[in-house]
Protein chains: 2
Amino acid sequence: MGTWAVIMAGGSGTRFWPASRLRRPKQLLPLVQGGESLLAATFRRISQRIDPSRVIVVTAAALAEATARELPALLPANLLAEPAPRNTAPCIGWATDVILARDPSAVVAVLPSDQHVTDDAGFAAAVERALAVAERRELATIGISPTRPDTGFGYIETAAAIADVEGAREVLRFVEKPDLARAKEYLASGRFLWNSGMFFFRASAMRAAIAAHLPELAQGLAGMTAANTGEVFPRLPSISIDYGVVERVGATAGNIGVVPGDFGWSDVGSWESTWELSDKDEKGNAAPRHAVLVDANGNLVRAQKMVALVGVSDLVVVETEDAILVMPRERAQDVRAVVDALKAQGRSELL
Amino acid sequence: MGTWAVIMAGGSGTRFWPASRLRRPKQLLPLVQGGESLLAATFRRISQRIDPSRVIVVTAAALAEATARELPALLPANLLAEPAPRNTAPCIGWATDVILARDPSAVVAVLPSDQHVTDDAGFAAAVERALAVAERRELATIGISPTRPDTGFGYIETAAAIADVEGAREVLRFVEKPDLARAKEYLASGRFLWNSGMFFFRASAMRAAIAAHLPELAQGLAGMTAANTGEVFPRLPSISIDYGVVERVGATAGNIGVVPGDFGWSDVGSWESTWELSDKDEKGNAAPRHAVLVDANGNLVRAQKMVALVGVSDLVVVETEDAILVMPRERAQDVRAVVDALKAQGRSELL
């Protein structure tokens, strides 16, 4: 049995405009510290456990070149370029088939490419346990121990402990993003974890689950070859692995196991997250050394040019080669409105 | 009798950083609308009344080239480059001597180069009256009708009307920048005007006044020739025309006349003034067309790059080729702190 990884790196996303663009999405950006992109960090992190020759990266055709450039250790044969975005079930189904063709007894770790982890050893230990659960159940996942009643994540309700794997429990149910009152209940109960989007499974079990729950996808994948991917893939049903497979597998009690994760995880959802994860000066500013800060507190500055802030607090100030964004950190989600305005104005060079 | 103008264009100033630099001071910047620098606007405005061949511009040696470039209609022989900054009395004394050598009966209008006027016709009318007063008195000035109890200006207290010149009055005294309580009294009294720094005089009268009140300066100027300016000028006493000459001439009642000015005058003292003087959208933003403004009010934006503001109010956001400034409009005076920090850090390329 070999252990494989699939990194899902096809996302676009607008929440890091002006740094993120259609051709330079979030996972390719060094959003936290040290100049390493989230994707490169994800690859590096999982490579400590799984040999790079068994790490598959799935991305969008338009991002294939940039993705390859970002991951010099990735084998060309392990880069899968989706001809069209079809959500996560076809992505994982395709990668599973590629792995099965090479290693019928593979166990697979599926990881999003755009998450941040501060404790690599804690991450590795959780992955180890999740892989152990995947050998015993249909599917395993890592659930993040919640630190606040966040309404931006799906939650996982846990049930009985799973013998032999430290900390692992059966999944009772997956719940959608809750409102604040429910999120507080979940946090208080101690039974809930955040859905991290990481999944672990025997490749054969995933193929069987897709056949059982998404037969149309299974048929499409069965007829797909290297030669016809460009025609077949875009016609696969567009559906998420969560909705199409995971929740349906999980409907039978005990099918899915979850390992709690407590390794400084963040989905780096906005410029606000970037500020939270960045090194800050004694006044809470995360800014380049060349910035001049006068009576400035709690600001995030990302810029090549020299930036001077005077008397401003809790702002995001981001400069890229062709644009500048200024907004309060607490409005970070609203950067979407800028992208929408640029779309409406037809200014595609800025998207 | 010929009418001449002297435009004082030697100022440096740091209040418009990052747009203003040692080699690109305020008067060379298009701080208000339409791409015209304050200096070019001053030259254009006075040229409507005084032939360009009789307009003298005094600037710093380091700015001579940029000044000449900015004023294509200025005669090369009319550009005086000060070898060192010696404040306004040597500046005006030198220009007066240059004019007297060409036209012994000249009447002279001295104008700062960095003021903004919205009503050119009103300005021309006030200049006409001030020149008329200059023929009747030792010295004339234009006092700006105050619109608020501003503590940033010197004030002029007026006395009896001067016959034959509409609106003109004798100057009772010049007063330094007052505190707010006094400024309010001045405004309420109706007798006070703001000192605009514009002066009008017969050239012979100014030479006589300098001889009487600043004999050391008079002697220095008398010994100065085209050949030795570089040695003599830097050793002239550094003193302002206000303190060295105007206040002393004004000590004798009736010597100085003042004409009230009400022509949309501003000394464009800070980015806040620039915002006040700029065209604004219905939300009070003065921003380039290419900016994207979402829930943004009362902001001043100057930038080449596309700028997006989300949820911010009353900010100054200025981008130049090598720097970006973000501060609240009401902190506009504190841009000085940035310049001081850059000096302390030895980052002279940004000064």
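Chain B can be laid on chain A with an RMSD of 0.0 Å by a turn of 180 degrees and a shift of 0.0 Å along the axis, where the copies are superposed by least squares on the C-alpha atoms of residues with pLDDT of at least 70 in both. The two copies are therefore related as by a two-fold rotation axis. This is a predicted model, in which local features need pLDDT of at least 70 and side-chain atom pairs count only at pLDDT 80 or more, while totals for chains, interfaces and linings use all residues. Residues are numbered from 1 along each chain as its sequence is written, and chains are lettered from A in the order in which they are written.

**The contact between the chains**

- Chain A and chain B each bring 29 residues to the contact, two residues being in contact if their C-beta atoms, placed from the backbone, lie within 7 Å.
- Because 100% of the interface residues of chain B are also interface residues in chain A, the copies meet through the same surface.

**The side of chain B that touches chain A**

- Among the elements that each supply at least two residues are strand 12 (292-294) and helix 11 (335-344) of chain B; helices (H or I, at least four residues) and strands (E, at least two) are DSSP runs, numbered from the N terminus.
- Strand 16 of chain B gives the most to this side, with six residues.

**Strand pairing and the axis**

- Strand 16 of chain B pairs with strand 14 (residues 306-310) of chain A in the parallel sense over four bridges, pairing being assigned if DSSP finds at least two bridges between two strands.
- B:Ala323, in strand 16 of chain B, is the bridge partner of A:Met306.
- B:Val326 comes closest to the rotation axis of the residues of chain B, at 4.3 Å (C-alpha).
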